[in-house]
Amino acid sequence: MSDERKTLEQRSLMSEIERLRHSAAHVLATAILKLWPDAQFAAGPPVENGFYYDLELGHRISPEDFEKIEAEMKKETKANHVFERVAVNRDEALALAQRGELAALAPRSEPSKFKFDIIQNIPEGEEISLYRNGEFTDLCAGPHVMRTGNIGAFKLTHVASAYYKGDEKNPQLQRIYGTAFKNKTQLDEYFTMLEEAKKRDHRKLGKELEIFVLDDDVGPGLPLWLPRGAAMIEELEKLAKETEFAAGYKRVRTPHIAREILYKKSGHLPYYEDSMFPPMELEDRLPSLSRPAGFQPAESAEDGQDARPPSQAGSLTSDRYYLKAMNCPHHHKLFGAVPHSYRDLPLRFAEYGTCYRYEQSGELIGLMRVRSMQMNDAHIYLTPDQFETEFNAVNEMYLKYFKLFGIEKYLMRFSTHDPAKLGQKFVDEPELWKQTEDMTRNVLKNSGINYVEVPNEAAFYGPKIDVQVWSVIGREFTIATNQVDFAQPRRFNLVYKDRDNTEKTPLCIHRAPLGTHERFIGFLIEHYAGNFPLWLAPEQVRILPIGDEAPLLEYARAIQAELRAHQVRCELDASSDHIKAKISSAEQMKVHTMLVIGGRDMDANAVSVRVHGKGNLGAKPRDEVIADILSAIKERRS
Ligand SMILES: [Zn+2]
Ligand SMILES: [Zn+2]
């Protein structure tokens, strides 16, 4: 709202909690004015997890001031004032601002300058309204809760600075952040969750558990995967490959770079250029693909130069290459490489493709926002009448994964187009938009999937679904997208021969249920707090002999060899450390299963099992333990 004013329509969509939080921003302003009557307020919208209010004030507000501000806020919520709406005309509003009466408790010597500016930017014809709570009056289009007392519990969280309207040419303001909930219990739960989230932070655990590193010499946003992280990647890829194979997908492989022309064809250039790494200028002898038939290139010229006569070497051209930011154009080329009939469809190309995106360095966060990423990508080419079945199958795959990972809360955000913006923000294909959106909506409705519809946020080339999931502690992540595309296949002239022998353009579904390795593993680290299920655990088993006598170590090595022969990630702690120290170091690395073996275990051909988080489970026959481990991994038991 500070940078871009919310439309009345967007305001009407504000959720109950957003209304409550926005109302809390008014109460915050009321409290600040009681303490500092000359504060000048700009905008005070609800934001994710809370609200803020921007203000200009000589006194620099710090967290030490929070207590007294909160005390004033409490008086205001206790008084249980009504949020009263008053409609005014433009001149009245400007006059009030002139007298300093907006975002104020009473007329003041200085005008309410930011409110004055905001009024002047309200579109002609739009009703202007004020909201009053007690002595406080603000320029505001609402909506609010009924009374200040409806704000059950609140807390100020931090102060930041922000330019008015986000423009650095404008004055710098203080931004006071807070959060509010219906009641104290919810507020407490929220802060407990934040505490827990801090402990589970994937950047912290990723380092402690030796999963990934970021290195300045390699570059920001370019994670390196340590063996433990690579093991998790291998497991996720195995899962995806098995699942996709069973669902009829075919795997393809594509290079990491491509010529500029590919991205011009796809339409990513110039629109997407800011998110791509700058191009490489290469000089090349082209085109080798159209060399005359029967011509044999010299395998190795002695001086290392091209031995072909100049006429056949092709002309020297300079060309631009880009690191790929998405796999779709490459996959479209693969579809187009072979003639297809309707019998080949749906054709599903899958690849864990590596992409590179030029995210602003200030926006890089651990594994959540990176510059190199490996995506659980696939493109499904299909006829319109295959759409519902196929799209449903894609959604089923998402749900299957959620179940496997114990993701109980998820939401699919179904973004649709705005007919008024056809030809600008959205491809000008009204029929196809309607058709694909109707089909998508049907599938979502009929399958009972939890979704919301968001108008005007579709991708350029078709409706889109963003999948949000919540970790067990309630932290939200956007991990995957699922898109319908009817524009790119046309741009690439992709066709299939239909039943009636005519050439038709297929639809394309882009989907990536496991998102990127980076973001998904970041999510999993926090979701499991590093306590991964056996199948996914970087170190599945560690054998801990009590002592280091030769026969005992030999017995331990035999068990390790047997497990490793079955592809179990099993390590052996052959150090001379005391068993307590061995256990503690294995627990610290969150090794899933520890097999403690002493002389008595060896004599009985047994092992004592200890599971991280569950403690000692007692001695069991070796064969039984190994069989259990193997079946738990095979079934990906949680
Ligand atoms: Zn308001
Ligand atoms: Zn794609």
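I take helices (H or I, at least four residues) and strands (E, at least two) as DSSP runs, numbered from the N terminus.

**Ground rules**

I am working from a predicted model, in which local features need pLDDT of at least 70, side-chain atom pairs count only at pLDDT 80 or more, and totals for chains, interfaces and linings use all residues. Residues are numbered from 1 along each chain as its sequence is written, and chains are lettered from A and ligands numbered from 1 in the order in which they are written.

I looked up Gln567 and placed it in the loop between helix H16 (550–565) and strand S25 (570–572). Its phi is near 65 degrees, a positive value in a residue other than glycine. I counted 11 other C-beta atoms within 10 Å of Gln567, so it is exposed. My scale for this has buried at 20 or more other C-beta atoms within 10 Å of the residue's own, exposed at 12 or fewer, and partly exposed in between, with C-beta atoms placed from the backbone.

Arg636 is in the segment after helix H19 (622–634). Its phi is also positive, near 50 degrees. Arg636 has 16 other C-beta atoms within 10 Å and is partly exposed.

I then checked for cis peptide bonds. The bond from Gly142 to Pro143 is cis, with omega near -5 degrees. Pro143 sits in the loop between strand S6 (136–139) and strand S7 (153–163). The bond from Leu269 to Pro270 is cis as well, with omega near 0 degrees, and Pro270 is placed in helix H10 (residues 268–271). I noted these sites because most residues other than glycine have a negative phi, and most peptide bonds are trans.

**Entry: domains**

I have the protein chain divided into domain 1 (8–182), domain 2 (227–282 + 320–527) and domain 3 (541–634). The bounds come from an automatic or database domain assignment. Between the C-alpha centres of domain 1 and domain 3 I noted 62 Å.

**Entry: helix H2**

Helix H2 (residues 16–35) has 20 residues and spans 29 Å from its first C-alpha to its last, close to the 28 Å expected at 1.5 Å a residue. The expected span is 1.5 Å times one less than the number of residues. Of the 20 residues of H2, 15 are buried, so the helix is largely enclosed by the rest of the structure.

**Entry: the eight-stranded sheet**

I traced an open sheet of eight strands with mixed pairing, in the order S11-S15-S16-S23-S20-S19-S17-S18. Strand S11 (250–251) and strand S18 (451–454) are at the edges with a single partner strand each, so one side of each has no neighbour in the sheet. I call two strands paired if DSSP finds at least two bridges between them.

Strand S16 (residues 372–382) and strand S23 (residues 507–511) run antiparallel and are joined by five bridges. In that pair, His379 stands opposite His510 in S23.

S17 and strand S19 (residues 464–470) are antiparallel, with seven bridges. Asp466 in S19 is the bridge partner of Arg413. Seven bridges also join S19 to strand S20 (residues 476–485), again antiparallel, and there Asp466 has Thr481 as its partner in S20. S19 and S20 make a hairpin with five residues between them, and Gly474 in the turn has a positive phi of about 90 degrees.

Val427 lies in the loop between strand S17 (409–415) and helix H13 (430–446), and is buried with 23 other C-beta atoms within 10 Å.

Arg371 is in the loop between strand S15 (347–356) and S16. Arg371 and Met276 are 95 residues apart in sequence, yet 9.4 Å apart in space, C-alpha to C-alpha.

**Entry: nonpolar cores**

I define a nonpolar core as a set of buried Ala, Val, Leu, Ile, Met, Phe, Trp, Tyr and Cys residues joined through C-beta atoms within 7 Å. The largest has 84 residues, of which Ile543, Leu595 and Ile597 touch the most other members. Domain 2 and domain 3 both give residues to this core, so it lies between them. Apart from it is another core of 41 residues, including Leu20 and Phe181.
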